[in-house]
Amino acid sequence: MSAAAIDPNTHPYAALGLTRNPDGSITRAAEAPITPPSCNLSDPTPVLSKDVALNPSTNTSVRLYLPRTALDSAATKLPLIIYIHGGGFVILRAASTIFHDFCSTVASKTPALVVSIDYRLAPEHRLPAAYDDCMEAVHWIKTTDDEWVTKYADLSNCYLMGISAGGNIAYHVALRAATCADELGPVKVNGLILHQPFFGGVERTPSEIKLATDNILPVALTDIMWELGLPIGADRDHEYSNPMKGMKPHILDKIKDLGWKVIVTGCDGDTVFDRQMELAKALKEHGVKVVGKFIEGEYHGYDLLEPSKNELILGAVQEMVNSIL
């Protein structure tokens with residue numbers, strides 16, 4: 001039976017391609033399709049891509065996406081988007097086809113140099129491991145001599161972006177980056193895009209109750225993701241899961257003072273819709289520049305699963321970049 005045919009309400013581990021072992025560990029029984037990078041100039045693809053090791057000791061890496069048009073206009077440097085993939089902290093990779101295709105589209109349409117991070121997964125590496133890896137990637141951008149970064153990217157025009165669990169990671173990395181912004185130069189983060197970010201909490205929200213048995217992201221699935229992703233012994237009100245329980249006003253003041261713009265997207269068919277709106281409201285009330293892009297009638301990850309519907313998020317990226325330039 002394919003993962004797509006498995007009901008995540010009755011078989012949540014199998015729906016994730018995982019097997020739960022008697023000792024509590026997991027076995028990864030299946031992996032989503034992946035796409036290899038292509039930086040062959042004879043390949044007609046409009047976007048070149050390549051993998052670069054980030055930290056060999058943790059087996060992390062980054063995949064870079066460069067629009068082919070940049071090769072002919074190196075004098076005009078591109079904005080740099082630091083992209084963090086989703087997967088509930090426990091599945092998928094930067095090389096997963098669904099994210100490879102999306103990053104290629106973002107690189108081409110914005111245009112921008114995209115740096116997609118292949119971070120460590122839980123439960124083998126529970127949070128904050130993914131936060132640590134993605135923050136390390138920000139420092140890598142600062143210090144690397146990689147030609148694509150040094151020649152084609154404008155390091156003073158960088159953005160953090162994440163989808164689903166990647167949106168959660170992007171939020172927490174942004175909190176860290178804001179506290180050391182002066183030390184990151186020449187890297188200058190100017191904005192944050194939280195694309196259908198994944199958050200949680202012990203008390204169920206109306207959208208979680210309404211969509212409890214959703215066939216894309218039911219609470220049976222989200223509960224397992226938090227169980228596997230959070231530090232052992234932590235519940236869903238841990239600050240990694242529930243930002244309302246871990247608000248840090250002094251860091252939000254720093255984000256406000258830095259002038260960062262934050263875009264939060266969501267849709268009312270998403271189990272975590274209320275939490276996305278709640279975070280956007282809280283940030284706005286604290287004085288952070290927030291734009292909420294919330295729509296009706298769609299589901300979690302709809303624009304990744306149906307690329308023909310990605311106009312909203314592509315427009316949000318272009319809006320973010322153009323509003324800063």
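The model is predicted, and local features need pLDDT of at least 70, side-chain atom pairs count only at pLDDT 80 or more, and totals for chains, interfaces and linings use all residues. Residues are numbered from 1 along each chain as its sequence is written, and side-chain values use heavy atoms, with hydrogens and water left out.

## The sheet

Eight strands make up an open sheet of mixed pairing, arranged in the order 3-4-6-5-7-8-9-10. Helices (H or I, at least four residues) and strands (E, at least two) are DSSP runs, numbered from the N terminus. Two strands pair if DSSP finds at least two bridges between them. At the edges stand strand 3 (47-55) and strand 10 (289-299), each of which pairs on one side only. On average, neighbouring strands of this sheet are turned by 20° against each other, direction ignored. Here axes are lines fitted to C-alpha atoms, for helices over the stretch in contact, and angles run from 0 to 180 degrees between N-to-C directions.

Strands of a sheet pair through backbone hydrogen bonds, either parallel or antiparallel. Strand 6 (residues 113-118) takes part in both kinds of pairing: with strand 4 (residues 60-67) in the antiparallel sense, and with strand 5 in the parallel sense.

| Strands | Sense | Bridges |
|---|---|---|
| Strand 4 and strand 6 | antiparallel | five bridges |
| Strand 5 and strand 6 | parallel | five bridges |
| Strand 8 and strand 9 | parallel | five bridges |

Individual residues illustrate these pairings. Arg 63 stands opposite Ser 116 in strand 6, while the partner of Leu 80 in strand 6 is Leu 113. His 195 has Thr 265 of strand 9 as its bridge partner.

How many of the six residues of strand 6 are buried? Six of the six are buried, where buried means under 20% relative accessible area, exposed over 50%, and partly exposed in between (1.4 Å probe, protein chains only). In a regular strand the side chains alternate between the two faces of the sheet. In strand 6, Leu 113, Val 115 and Ile 117 point one way, and Val 114, Ser 116 and Asp 118 point the other way.

Helix 9 (residues 273-285) lies across strand 8, strand 9 and strand 10, at about 155° to strand 9.

Helix 8 (249-258) has Ile 251, Leu 252 and Ile 255 as its buried residues. Seen down the axis, these buried residues fall within an arc of 100°, so they line one face of helix 8; the arc is that of the directions from the helix axis to the C-beta atoms. Their cover includes helix 5 and helix 9. On the other side of helix 8, His 250 and Asp 257 are exposed. Just after helix 8, Gly 259 takes a positive phi of about 80°.

Glu 298 is located in strand 10. Is Glu 298 buried or exposed? Glu 298 counts as buried because its relative accessibility is 16%. Its side chain makes a polar contact with the side chain of Lys 309 at 3.2 Å. A polar contact is a pair of N or O atoms within 3.5 Å; within protein, one must be able to donate a hydrogen and the other to accept it, and residues adjacent in sequence count only if both atoms are side-chain atoms.

Arg 236 lies in the loop between helix 7 (219-229) and helix 8. The side chain of Arg 236 reaches the backbone oxygen of Val 202 at 3.1 Å. Leaving aside neighbours within four places in sequence, Arg 236 is in contact (heavy atoms within 4.5 Å) with residues including Gly 200, Asp 223 and Trp 226.

Thr 45 belongs to the loop between strand 2 (26-28) and strand 3. With 23% relative accessibility, Thr 45 counts as partly exposed. Thr 45 touches Ser 38 and Arg 68, not counting residues up to four places away in sequence. Although Thr 45 and Arg 68 are 23 residues apart in sequence, their C-alpha atoms are 7.9 Å apart in space. A polar atom of the Thr 45 side chain lies 3.1 Å from the backbone oxygen of Val 47.
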